Amino acid sequence: MRTQAATHAGAKVPPRSPSALYREHFADARRERLFLSSVAFFLTFAIVRAITYTIHAGKGPLHDLVVGGMHLHHLVLGILLLLGVGYLWLAQVGTGIGRSLDWPSRLTALLYGVGAALTLDEFALWLRLEDVYWAREGRESIDAVILFGALLGVGTWGGRFFHALVREAARALRR
């Protein structure tokens, strides 16, 4: 390894920059998109929960979004984001496949994470078709976020391992 060789030679190796570490760990576009989606998902969920809490408590400058006298739930924005990202990915914009650029891939991954968080934060609402966000049944939204977040985490951190398991299982079945 680089650091071992440099240590044996007596030379100090300068630390690598965060961007160099990022490029090293996320050279694969699929893994980078999973990571960015995961980060956007958890950050958005935390921010949205904090905002909805302050609105519910009547603190701060923010209020419910009302359009034409109707409360617009944030899951609507999440669904629109998911539909938009899905359409772009169908058109292979931002998929990281072929000749696509890096920035659309990163942007669509971030938007996917944001849209998923906005939608799943109100999972109990779309499951029950009533506003139970602050009721006991609202816990179903937290459960959905935990499950989907775990799925994103497994894809981000364990993807290579699980792909290798599937490859080996397929190889064993072919024998």
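Analyst: Helices here are DSSP runs of H or I with at least four residues, strands are E runs of at least two, and numbering goes from the N terminus. The model is predicted, so local features need pLDDT of at least 70 and side-chain atom pairs need 80 or more, while totals for chains, interfaces and linings use all residues. Residues count from 1 along each chain as its sequence is written, and side-chain values use heavy atoms, with hydrogens and water left out.

User: Okay, what makes Arg106 and Asp102 a salt bridge?

Analyst: Their side chains meet at 3.9 Å, N to O. A salt bridge asks for a side-chain nitrogen of Lys or Arg within 4 Å of a carboxyl oxygen of Asp or Glu, so the pair qualifies. As background, side chains of opposite charge can pair when their charged atoms come close.

User: Why are Arg106 and Asp102 about one helical turn apart?

Analyst: Because both sit in helix α5, four residues apart.

User: What makes Arg106 and Asp102 partly exposed?

Analyst: Buried means under 20% relative accessible area and exposed means over 50% (1.4 Å probe, protein chains only), with partly exposed in between. Arg106 has 32%, so it lands in the middle class, and Asp102 does too, at 49%.

User: How many salt bridges turn up in the whole structure?

Analyst: The search finds six. Among them is Arg128 with Glu140, whose closest N and O atoms are 2.7 Å apart. Arg128 is in helix α6 and Glu140 in helix α7, so this pair ties together parts twelve residues apart in sequence. Arg128 has a relative accessible area of 37%, so it's partly exposed.

User: What about Asp143 and Arg139: how far apart are their closest N and O atoms?

Analyst: They're 2.9 Å apart, and the two form a salt bridge. Both are in helix α7, four residues apart, which means about one helical turn between them. Asp143 is partly exposed at 32%, and so is Arg139 at 48%. Elsewhere, salt bridges with shared partners join Glu32, Asp102 and Arg106 into one network.

User: On to the rings. How many aromatic pairs are there?

Analyst: Seven, from a search of the whole structure. One of them is Tyr53 with Trp134, with ring centres 6.5 Å apart and planes at 65°. Rings of Phe, Tyr and Trp (its six-membered ring) pair if their centres lie within 6.5 Å; planes under 30 degrees apart are stacked, over 60 edge-to-face, and the rest tilted. At 65°, this pair is therefore edge-to-face. It links distant parts of the chain: Tyr53 in helix α3 (residues 29–57) and Trp134 in the loop between α6 (123–128) and α7 (139–174), 81 residues apart. Tyr53 is partly exposed at 49%, as is Trp134 at 42%.

User: Why is the pair of Trp89 and Tyr112 called tilted?

Analyst: Their centres are 5.5 Å apart and their planes are at 35°, so the pair is neither stacked nor edge-to-face. Trp89 is in helix α4 (residues 74–90) and Tyr112 in helix α5 (residues 102–120), 23 residues apart. Trp89 is partly exposed at 27%, and Tyr112 at 25%. Both belong to a cluster of ring pairs that also takes in Phe41, Phe42 and Phe148.

User: Is Phe148 buried or exposed?

Analyst: Phe148 is in helix α7 and has 19% relative accessibility, so it counts as buried. Leaving aside neighbours within four places in sequence, Phe148 is in contact (heavy atoms within 4.5 Å) with Phe41, Tyr112, Ala116 and Leu120. Phe148 and Phe41 are 107 residues apart in sequence, yet 9.4 Å apart in space, C-alpha to C-alpha.

User: How about Thr119: buried or exposed?

Analyst: Thr119 is in helix α5, and at 7% it is buried. Not counting residues up to four places away in sequence, Thr119 touches Leu75, Gly78, Ile79, Leu82 and Trp126.

User: Last one: at roughly what angle do the axes of α3 and α5 cross?

Analyst: They cross at roughly 40° and come within 7 Å. Axes are lines fitted to C-alpha atoms, for helices over the stretch in contact, and angles run from 0 to 180 degrees between N-to-C directions.
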